[in-house]
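Let's take a walk through this structure together. Have the sequence and the 3D view open as you read.

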Amino acid sequence: MAGFADLIQTADWKKEKHVPVIECADKVAAGEFFDVTVSLGKEIAHPNTTEHHISYIKLYFKPEGEKFAVHVGDFSFWAHGASAAGANEGSVYTNHTVTCSMKTAKSGELVALAYCNIHGLWESSKSVVAS
Ligand code: FE
């Protein structure tokens, strides 16, 4: 039986364009909002065309010492140049990057999941110390 662990790939984002890059402060104030930016292709650009693009990024947080992850946010990217005139003829594109705001009372691990419409699911993580 296949599980999510079999479906999700990871790698070094500096060498693999599908790996989400999580950027935020390494240390944050407990209980105070801070910004988290998740993007792709910081080193090697990922295509953004009607045929090949990043459809969504999801962000989770696993507080230290807790059993379950918390789903922080879902970010869908819908515009990839599709139009009545044809593929890539549209004038609007969403870029696969998002900044959201969150807070946590505990330190833990941010985990991001990105979905490429033809290359599947990719993950990465970053620890955050809250004090
Ligand atoms: Fe791809």
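What follows goes from the core to a loop and then to the cysteines.

A quick word on ground rules: this is a predicted model, where local features need pLDDT of at least 70, side-chain atom pairs count only at pLDDT 80 or more, and totals for chains, interfaces and linings use all residues. Residues are numbered from 1 along each chain as its sequence is written, and side-chain values use heavy atoms, with hydrogens and water left out.

Start with the largest nonpolar core, which has 22 residues. Such a core is a set of buried Ala, Val, Leu, Ile, Met, Phe, Trp, Tyr and Cys residues joined through side-chain atoms within 4.5 Å; buried means under 20% relative accessible area, exposed over 50%, and partly exposed in between (1.4 Å probe, protein chains only). Phe 34, Val 36, Val 38, Leu 59, Leu 110 and Val 128 touch the most other members. At least two residues each come from β4, β5 (54–63), β7 (97–102), β8 (108–116) and β9 (120–130). Strands here are DSSP runs (E, at least two residues), numbered from the N terminus.

Now find Phe 33, in the loop between β3 (27–28) and β4 (34–39). Phe 33 counts as exposed, at 57% relative accessibility. Beyond its neighbours within four places in sequence, its contacts (heavy atoms within 4.5 Å) are Ser 101, Met 102 and Lys 103.

And the cysteines? There are 0 disulfides, a disulfide being a pair of cysteine sulfur atoms within 2.5 Å. Cys 100 is buried at 13% relative accessible area, but its sulfur is 9.4 Å from the closest cysteine sulfur, in Cys 24, so it is too far for a bond.

Terms used. Helix = DSSP H or I, 4+ residues; strand = E, 2+ residues; numbered from the N terminus.
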